[in-house]
Amino acid sequence: MRPFNPQFMLDVIPNLLPFLWVTLTVVLGTVFFGSLLGFVLAQAKLSQKPRYRWLVDGYIYIIRCTPSIVLLFIVFYGLPKFCLEVFDTDINRYDKIFFVIVTFTLLFSAPISEVMRSAYEATDHGQYEAAVSIGLTPWQAFYHIVLPQATVVALPNFGNSVIELMKEGALAYTIGLIDLIGKGQLIISQNYGAYALETYLSLSFIYLLLTLGVEKSFLCLEHALSRQKKVV
Amino acid sequence: MLKITNVHKKYNDNEVLKGVDITVDKGDVVVILGPSGSGKTTLLRCINFLDHANQGEMEFDEYHLQLNSASTSEVRKIRQKTAFVFQNYNLFQNKTVLENVTAGLIIGRNMEKKQAVDLALKALAKVGLSDRVDFYPSQLSGGQQQRVGIARAIAVEPDVILFDEPTSALDPELIGEVLSVIKQLAQEGTTMIIVTHEMKFAADVATHVIFMADGNIVEEGTPKDIFQHPKEERTRNFLRRILPPQVEYNI
Amino acid sequence: MDINYQFLIKTFYLVLTAVPTTLNITAVSLLIAMPLAFYLAVVRMRPGKYIRPLISAYITFVRGTPIFLQILIIYSILPSFLNSTAKYFALEVNVFDWNPIIYAYIVFSLNTTALLCEVFRSALGSINKGQLEAALCAGMTTAQAYRHIIIPQALVVAMPNICNLTVKLIKGTSLAFLMTVKDMTAVAKIAASYGYNYIEAYMDVFVGYIIVCSVVQVLFDFAEKHVGKFRLIKQK
């Protein structure tokens, strides 16, 4: 068995880092679109019409039971066919990153809608009533009074969901997207299978930095935003 | 029977017990009174090694040990001779009333189930809860839970029972049922050390009263001594604030 | 959309035959992880030991890296490592003949233990300290107190999280195909590659996972009610 070469771990990092932007693009794109979709879903779940609530419940349940890789394959193989039939557009040539972001947006929106909904329900609605009673429009009351407080409550869980997303996003390589892990696999095959452990450990190190970084950032955000809130 | 000397306990820089001595003979009911922060609960918990004293000596029948350096087996032996009744009852939530009382016997003392159940039922009868043996603590009122706690303590037939403010967490109308159980135990000659705020009860039941403040014993004596002829100023101040004014009715 | 219904139905039954493999990996990983995780969680709560930073490092690594990567690491080094070890001790075993499901057991056990340890740590922390004190005062040793009083209560508190973790684990086993294990996803992939019927195959396995996860959730609901029967509504 080939001896372990720690030096390689350091050497390989400059080759990997350029592809960090692919991973980050996936994460940021997913967070953006996933939060939008999650917001819509949360609204639907809070609505008065039971039909919308059931739809959202069903969606969340199905997403919760689906492995990322299965959904990835379904979107990758199924979406082009679907678009061809229904919209008469050929998306087969689209960059793989498109399919990755679509898949993870669907996956991310489910837990995020729950995070948003429970944060909204945890805030004190008396304050909303007070706001509209002094003349704010419902939107102003929501935006200036409810949203800031709900955000603070939601932050820890939102951060956790982002970290989970980062880890699940690593699967993008299975449909051929060359992100961090994709590049790592390419390097390994360029070395005819040698230095696999060293490459993977370097990748792990980068991911650890990413996840710990995100965790710390969210903690700082929480502290900054909740300074206004005095804990009794 | 039990003699504890020179107990010191510090929490960081705060000295909570500044050299306390306490002697208990068989059949004694020792009541410890005092304002909050006087160290009375800490003293009680140090006796049972729930809190770790910094200094102190214990002579308990044939056992002679240092409070700060007792070994795990010595601690366990002391705990097998004592029983503790907590302010918050601390009943085992996942066990029925009967299982709560037999736990110390079956698990802690390796007793046979039939014998343990017999002892447990006798203890539960004594506290008046024979009809609740299969209930879970979450189904009982506070007073009932505390009585189970007392039954749990009686069942192991300890040499001394330690009570840490047994009625402080109870609603006022439930205090009486617990106090009457303790009173009955006192009348039967059970050795007890009780930390409490119930003055009238203390006067009724105690053979010996200790008044503590700021980590020291200020005064001790018989109930008559302490309640009717307190010697120290501090004791008088405390009693004046706690006891309702004595109003005499003369019809 | 032209869907090959015959293939759809045939592959669905094929996927169902692989369900035991998926459940097998899940169950074995859980069985190994539960006692280990409890033990680690308790060890972490005791003061002053050198082993605590080690355990924390292990848990941080598992929680901070994708399981995809953990699988790649274990699968790339473990077989050759075991092979070298066998050669060193001159044992007559052909490591490469072993059923690859063993590697699945190892990876998912290691992963689940770390995650479960966190769950147990918070569950144990939520148990009132007075329960331990009362148990010790009743004459039990620490070990007896944990076994009879603390751990049963912690288990009930942890149940919803254990259920979530199990569902995540089942979804995680979908990656076992990377280690040439014939689980549900592997079977679907293989069937799809014959005739390029990807959509049908993955729709089948998609439904398969929904069924498996639903059954597991129902079982957990039942377990939670049974184990937690002492948590009745307080009646005064």
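These are my notebook entries on a predicted model with several chains.

**Entry 1: chain contacts**

I began with the pairs of chains. I found 2 pairs in contact, and chains A and C share the most contacts. I then looked up chains A and B. No contact joins them. The closest C-alpha atoms of chain A and chain B lie 23 Å apart.

**Entry 2: chain A**

I counted elements next. Chain A has 9 helices and 0 strands. Read from the N terminus, its elements run α-α-α-α-α-α-α-α-α.

I took the extent of chain A along the principal axes. Its C-alpha atoms fill a box of roughly 75 × 50 × 25 Å.

I checked burial. Chain A has 232 residues, and 44% of them count as buried.

I looked at contacts in chain A with a separation of 6 or more. Residues 24 or more positions apart account for 77% of those.

I looked up the surface. The accessible surface of chain A is about 12,700 Å², and carbon and sulfur atoms hold 65% of that.

I ended with charge. Chain A carries 16 positive and 16 negative charges.

**Entry 3: nonpolar cores**

I asked which residues have the most contacts inside the largest nonpolar core. They are Phe108(C) and Phe120(C), in a core of 130 residues.

Another core, of 53 residues, lies apart from the largest one. Val148(B), Val156(B), Ile161(B) and Phe201(B) are among its residues.

**Entry 4: Ala53(B)**

I turned to one residue of chain B. Where is Ala53(B) found? I placed Ala53(B) in the loop between α1 (40–47) and β4 (55–60) of chain B.

Is Ala53(B) buried or exposed? Ala53(B) is buried, because its relative accessible area is 1%, and the cut-off for buried is under 20%.

I listed what Ala53(B) touches, not counting residues up to four places away in sequence. Val7(B), His8(B) and Lys9(B) are on the list. Cys46(B), Leu67(B) and Asn68(B) are on it too.

I took the distance to Lys9(B) as well. Ala53(B) and Lys9(B) are 44 residues apart in sequence. In space they are 5.0 Å apart, C-alpha to C-alpha.

Note on methods
Residues numbered from 1 in each chain as written. Chains lettered and ligands numbered in written order. Predicted model: local features only at pLDDT ≥ 70, side-chain atom pairs only at ≥ 80, totals over all residues. Heavy atoms only, no water. Contact = heavy atoms within 4.5 Å. Core = buried A, V, L, I, M, F, W, Y, C linked by side-chain atoms within 4.5 Å. Buried < 20%, exposed > 50% of the residue type's maximum accessible area, 1.4 Å probe, protein only. Helix = DSSP H or I, 4+ residues; strand = E, 2+ residues; numbered from the N terminus. Areas by Shrake-Rupley, 256 points an atom, 1.4 Å probe, with all protein chains shown as cover. Lys, Arg positive; Asp, Glu negative; His and termini not counted. Charge placed at Lys NZ, Arg CZ, Asp CG, Glu CD.
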